[in-house]
Amino acid sequence: MFYFINKIILGTLPFIPKNIIKAISNRYIAGIDDEEALKTIKKLNEMNLSATIDILGEHTKNVDESDNITNRYIKLYKEISKNNLDCNISIKPSHIGSDISLETFTKNLALIHNEADNNNNFLRIDMENSTLTDITINAFKNNYKKLKNIGIVIQAYLYRSEQDINNLESGMNIRLCKGIYNENETIAIKNPKKINDNYLSLLDQSLKKNIFVGIATHDINLIEKILCLIEENNFNKKQFEFQVLYGVPMKKTIQKLIALKYKVRVYVPYGDNWYEYSMRRLNENPNISKYVIKNFFTKNFYK
Ligand SMILES: Cc1cc2nc3c(=O)[nH]c(=O)nc-3n(C[C@H](O)[C@H](O)[C@H](O)COP(=O)(O)OP(=O)(O)OC[C@H]3O[C@@H](n4cnc5c(N)ncnc54)[C@H](O)[C@@H]3O)c2cc1C
């Protein structure tokens, strides 16, 4: 049934007026400029929530653009410090130059990473599609050798993730998510229940290895199982936090997690690239259209 709904939605996407896409994406995006985004972060902090901020954009095609975005991230660290916000930064490799050249990406990553250190802050490298997994993990490990305030993302749908965690060191920092891209079945688990089983197994593996985990999911049943796993193993609260995307209706779960004294971090995207970003996400993962329709009728907890 949803297969056909997705097909219809994808077919009609190019004909939906831009202002309608904006109205829909508004829920998930904290404004266009730094000022609006920082205001949102302040509000989240006042709600006892930590944040991670991401400037919308990916697959940058020229050096000037990737330098420009790198400078914006550097400025953002300064703004976060100046405003005393509980907020780190998440970046996408292809946004800062991995499509241009490995050299460009490596240079820009090091600049942003150094600035994170200058500001006593942290940098997370998001995980994009599987063509970038090795590049991302290698870049993370090279930077980690110099400064420890950097982390990556592990995707539970990839068969390789167990081995990738095996190859990480105790004390490293990952975000664990299911994975958003449409990967081939030869490398990725497709069955939702099996993805969840793998998620739990990778979480257990990581926490037992003393890796810090950002537990990033909105799947309420999975979160219940995660809470049991944490309790059964008496995992230390300092070793993990929960993470959600801005705009996804998670009020009750967030309140429950906070009442249990767990840390919750909200991933906040912002920027003028909202249209391209929204269209690409909808095209890449038609399931999102199903979520968006459902969420459209739920009050936004953050606004
Ligand atoms: C903080 C954070 C960072 C992430 N970073 C990455 C990353 O670096 N790389 C990567 O591949 N993936 C990333 N993801 C996406 C993740 O991989 C999943 O695709 C996404 O979170 C949906 O999976 P789920 O665990 O929430 O469970 P699902 O079972 O897919 O979703 C559970 C429910 O959550 C809601 N929901 C989930 N996603 C959305 C959405 N996008 N919009 C609206 N509602 C939604 C729906 O109500 C849905 O029914 C991130 C997710 C989070 C929360």
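## Exercises on a predicted model

Ala156 is buried, with 25 other C-beta atoms within 10 Å. The model is a predicted one, and the exercises below start from this residue.

**Exercise 1. Place Ala156 in the chain and list what Ala156 touches.**

Solution. 
- Step 1: find the element. Ala156 lies in the loop between β4 (150–155) and α7 (161–166).
- Step 2: apply the burial cut-off. A residue is buried if 20 or more other C-beta atoms lie within 10 Å of its own. Ala156 has 25, so Ala156 is buried.
- Step 3: list the contacts, leaving out residues up to four places away in sequence. Ala156 touches Ser161, Leu176, Cys177, Lys178, Gly179, Ile195, Asn198, Tyr199 and Leu202.
- Step 4: take one distance. Gly179 is 23 residues from Ala156 along the chain, and their C-alpha atoms are separated by 6.4 Å.

**Exercise 2. Is Lys178, a contact of Ala156, buried, partly exposed or exposed?**

Solution. 
- Step 1: locate the residue. Lys178 sits in the loop between β5 (173–177) and α8.
- Step 2: count neighbours. Lys178 has 19 C-beta neighbours inside 10 Å.
- Step 3: compare with the cut-offs. Buried needs 20 or more, and exposed means 12 or fewer. Lys178 therefore counts as partly exposed.
- Step 4: list the contacts, again without residues up to four places away in sequence. Lys178 touches Gln155, Ala156, Tyr157, Ile195, Tyr199 and Thr217.
- Step 5: take a distance. Lys178 and Ile154 are 24 residues apart in sequence, and their C-alpha atoms are 8.2 Å apart.

**Exercise 3. How do the axes of α8 and α9 cross, and which residues meet?**

Solution. 
- Step 1: read the geometry. Helix α8 covers residues 192–208 and helix α9 covers residues 220–233. Their axes come within 11 Å and cross at roughly 30°.
- Step 2: classify the angle. Angles under 35 degrees count as roughly parallel, so α8 is roughly parallel to α9.
- Step 3: α8 passes α9 in a right-handed crossing.
- Step 4: name the residues. Asn196, Tyr199, Leu200, Leu203 and Asp204 in α8 meet Leu222, Lys225, Ile226 and Leu229 in α9.
- Step 5: sort them by class. The contact of α8 with α9 has six nonpolar, one polar and two charged residues.
- Step 6: link back. Tyr199 of α8 is also among the contacts of Ala156 and of Lys178.

**Exercise 4. Helix α5 packs with α4 and with α6. What is the orientation in each pair?**

Solution. 
- Step 1: take α4 (residues 63–82) and α5 (residues 102–118). They pack at an angle of about 10°, with their axes 9 Å apart. The two helices are therefore roughly parallel.
- Step 2: list that contact. From α4 come Val63, Ser66, Thr70, Tyr73, Ile74 and Tyr77; from α5 come Thr104, Asn108, Leu111, Ile112, Glu115 and Ala116. By class, this contact has seven nonpolar, four polar and one charged.
- Step 3: take α5 and α6 (residues 133–146). The angle is about 45° and the axes are 11 Å apart. This pair is therefore oblique.
- Step 4: The crossing of α5 and α6 is right-handed.
- Step 5: list the second contact. Leu102, Phe105, Thr106, Leu109, Ala110 and His113 in α5 meet Ile135, Ala139 and Asn143 in α6. The classes are six nonpolar, three polar and no charged.

**Exercise 5. Where do Asn48 and Asn84 lie, and are they buried or exposed?**

Solution. 
- Step 1: check phi. Asn48 is not a glycine, yet its phi is positive, about 70°. Asn84 has a positive phi near 55° and is likewise a residue other than glycine.
- Step 2: Asn48 is in the loop between α3 (34–46) and β1 (50–55). Asn84 is in the loop between α4 and β2 (87–91).
- Step 3: count neighbours. Asn48 has 12 C-beta neighbours inside 10 Å and so counts as exposed. Asn84 has 9 and also counts as exposed.

**Exercise 6. What is the radius of gyration of the chain, and what would a compact globule have?**

Solution. 
- Step 1: list the elements. The chain has 12 helices and eight strands.
- Step 2: With 303 residues, a compact globule would have a radius of gyration near 19 Å.
- Step 3: compare. The chain has 19 Å, which agrees.
- Step 4: The C-alpha trace spans about 50 × 45 × 45 Å along its principal axes.
- Step 5: Buried residues make up 37% of the 303 residues.

Methods. Residues are numbered from 1 along each chain as its sequence is written. This is a predicted model: local features need pLDDT of at least 70, side-chain atom pairs count only at pLDDT 80 or more; totals for chains, interfaces and linings use all residues. Helices (H or I, at least four residues) and strands (E, at least two) are DSSP runs, numbered from the N terminus. The radius of gyration is taken over C-alpha atoms; the globule rule is 2.2 Å times the number of residues to the power 0.38. Axes are lines fitted to C-alpha atoms, for helices over the stretch in contact, and angles run from 0 to 180 degrees between N-to-C directions. Angles under 35 degrees count as roughly parallel, over 145 as roughly antiparallel, 65 to 115 as roughly perpendicular and the rest as oblique. A crossing is left-handed if the near helix is turned anticlockwise from the far one by less than a right angle, and right-handed if clockwise. Two residues are in contact if their C-beta atoms, placed from the backbone, lie within 7 Å. Ala, Val, Leu, Ile, Met, Phe, Trp, Tyr, Cys and Pro count as nonpolar, Asp, Glu, Lys and Arg as charged, and the others, Gly among them, as polar.
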